[in-house]
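Please look over the following note on the structure shown below. It covers a ligand site and then one chain as a whole.

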Amino acid sequence: MPPSHSAPGRTAARVMLQIALLLALACLPWFAEKYYVQFVARILIMGILAMSLDLLLGYTGLVSFGHAAFYGVAAYSLAMLTPAYQAAWFWTSFPLAVLGAAAAGLAIGFFVVRTHGIYFIMVTLAFAQMLFFLFHDTRIAGGNDGIYIDVRPDTTILGWKPFDLERYDQVYLLVLVLFALVWMFLRILLRSRFGHVLVGIRVNEHRMRSLGFETFRYKLACFTIAAALAGIAGYLSALQFGVVNPEFMGWHQSAAVMMMVILGGMGTLIGPVLGASAWMLLELGFQSLPVAGSIDLGKHWQLWMGAFIVLTALLLPSGLLGAWSALWRRLHHQTPALDADDPVAKP
Amino acid sequence: MKGATILGKDRAPVLATQGLTRHFGGLTAVNDVSIELMMGTIHAVIGPNGAGKSTLMNLLSGDLFPSAGHIHLEGDAITHCTPPQRSLRGLGRSYQKTNVFLPLTVFENARLAAQSRAGSSLRFFRPVLHEATINERAQLAIDAAGLGARSDRVVATLSHGEQRQVEIAMALATAPRVLLLDEPLAGMGAEESSAIVQLLARLRESHAILLVEHDMDAVFSLADTLTVMVNGTVLESGPPAFIRSSAAVQAAYLGGDENMHA
Ligand SMILES: Nc1ncnc2c1ncn2[C@@H]1O[C@H](COP(=O)(O)OP(=O)(O)O)[C@@H](O)[C@H]1O
Ligand SMILES: [Mg+2]
């Protein structure tokens with residue numbers, strides 16, 4: 001009998017809690033103003049991006065420093081599929097953008113997953129920078145200024161319009177649904193054979209090879225899937241902002257999402273989402289700091305953000321989630337145990 | 001020796017090397033080694049530390065590539081095959097320096113090993129928990145290695161000897177025909193050690209086992225053939241009685257007890 005599965009009661013409670021949270025989030029547009037609804041949508045989009053990076057970073061041990069490239073490729077795909085002053089069709093532009101990101105992931109992954117450690121970090125960054133300068137320095141998509149999406153994608157099927165993406169609340173609901181789907185997809189994926197192979201590769205790739213796993217194949221598949229999921233985030237981002245510029249795939253963006261994952265807690269699904277929320281809230285909080293005397297505190301928000309990251313790294317080495325579970329165990333006098341719902345054991 | 005006879009165990013070797021050589025810079029760790037491993041037998045390789053036994057194992061498993069020489073597995077040249085290719089062809093190994101998945105449980109270690117035999121792992125949806133064949137094979141390997149009571153323990157929390165047993169469970173879970181065991185008993189208590197000796201005696205029937213081991217009692221009780229290596233070269237090879245009485249081995253190795261447990 002396979003050991004270590006959680007009590008059915010606990011799993012059921014967990015699922016109920018997740019559904020309740022989802023429903024609560026779905027009600028947000030009826031209570032909150034446009035600004036906050038869009039803000040939560042941005043958090044969810046960053047949550048998708050952070051989860052997709054965590055598949056590489058936390059589960060497989062692939063420290064990709066160029067993950068924003070795929071986010072950007074999908075965002076540009078929507079921009080370039082949108083004709084001037086007209087709408088693209090959602091049902092083709094969305095799959096095409098995600099496929100575009102996946103194809104970029106497959107092509108780049110083919111080269112980068114052969115490298116290890118510091119070289120992997122370097123080549124992922126190098127590829128992302130190549131894409132950045134391709135869009136920045138050429139006129140294929142508006143260059144430095146970026147490109148506007150004048151009209152948001154149309155969802156009409158045979159005269160019936162299931163949702164209207166010109167409405168911010170419906171964009172929010174689309175984001176929420178896709179967020180939930182990505183979450184579920186990753187949950188299932190991580191419990192499958194494939195998910196277990198990824199963890200094995202992170203823990204001891206050499207041993208995986210001597211057990212008969214051609215690890216290149218699995219790492220490439222993982223890199224491609226992560227790129228496709230980042231593409232979902234990129235499409236939604238472009239859709240919400242209505243403009244795409246090279247910053248979408250800049251290394252600042254790659255670094256920010258990496259910090260969200262680390263801040264929240266690597267190797268879990270909830271960690272990156274917590275990290276993304278904390279990051280966005282802090283950004284907002286620091287930006288709205290008042291002017292104190294002759295110093296505009298809010299203008300220097302990046303300074304406070306930097307200080308916060310340094311403090312977290314020193315005080316909470318396993319991220320917000322790690323700190324939370326340590327506190328929980330302390331309150332309940334539990335000894336550390338592996339999360340049975342999660343195939344990952346932290347090293 | 002004249003060509004293989006048709007009788008009993010004297011068939012073609014399962015695993016054979018010809019002139020296997022490996023240099024590390026100026027050092028020749030393995031020098032012109034030709035050995036043969038028959039199905040249903042245990043072939044022990046002994047020799048002092050630094051003799052090149054682990055390097056030989058690494059050449060056979062593909063962790064290292066030879067500077068010269070050939071390796072054949074069941075008649076096919078595998079000299080240029082990668083470790084995963086060799087593993088899938090039926091070559092299983094354990095490592096001298098424990099090489100397992102420390103943060104995972106014993107069961108998860110064995111399951112990953114078993115999973116490698118269940119076809120492609122590019123399967124994304126079905127939970128591994130429900131893959132009955134994989135889970136059963138993992139559990140059988142754990143029980144065979146004597147770790148039945150430790151299934152749920154995280155390997156990092158086990159004793160050194162138990163981690164050695166995890167090595168063996170993983171090697172078994174890949175259902176190999178050829179087993180390469182690099183000092184499987186090192187660091188085990190007397191009880192576990194004799195349990196593993198019994199296990200190897202049982203496995204012999206359906207496997208070809210290449211055993212590197214310092215425990216001479218175990219070696220002489222198990223081995224059908226012994227190869228003595230010194231400084232990368234084969235000093236002597238033959239049945240245990242022959243090795244025991246060999247003057248060269250006496251002089252170089254067996255006589256000097258201080259080398260054996262260095
Ligand atoms: N990767 C390596 N690089 C350089 N020298 C090595 C390497 N591996 C083994 N050696 C050297 O090769 C010789 C044989 O080592 P090894 O095969 O581990 O011996 P044994 O297993 O018989 O104790 C030793 O002198 C060792 O230092
Ligand atoms: Mg050795």
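1. Helices (H or I, at least four residues) and strands (E, at least two) are DSSP runs, numbered from the N terminus. This is a predicted model, in which local features need pLDDT of at least 70, side-chain atom pairs count only at pLDDT 80 or more, and totals for chains, interfaces and linings use all residues. Residues are numbered from 1 along each chain as written, chains are lettered from A and ligands numbered from 1 in the order written, and side-chain values use heavy atoms, without hydrogens and water.

2. Helix 1 of chain B gives the largest share of the shell around ligand 1, with 3 residues. The residues around the ligand (a heavy atom within 4 Å) include B:F24, B:L27, B:P48 and B:S54.

3. Oxygen atoms of ligand 1 meet protein at several points. One lies 2.8 Å from a polar backbone atom of B:G50, and one is 2.8 Å from a polar side-chain atom of B:K53. For B:T55, a side-chain N or O atom is 2.5 Å from a ligand oxygen. The protein buries 59% of the 560 Å² that ligand 1 exposes when taken alone (Shrake-Rupley method, 1.4 Å probe).

4. Chain A has 13 helices and 4 strands.

5. Of the 347 residues of chain A, 51% are buried, meaning under 20% relative accessible area (1.4 Å probe, protein chains only).

Terms used: A polar contact is a pair of N or O atoms within 3.5 Å; within protein, one must be able to donate a hydrogen and the other to accept it, and residues adjacent in sequence count only if both atoms are side-chain atoms. Buried means under 20% relative accessible area, exposed over 50%, partly exposed in between (1.4 Å probe, protein chains only).
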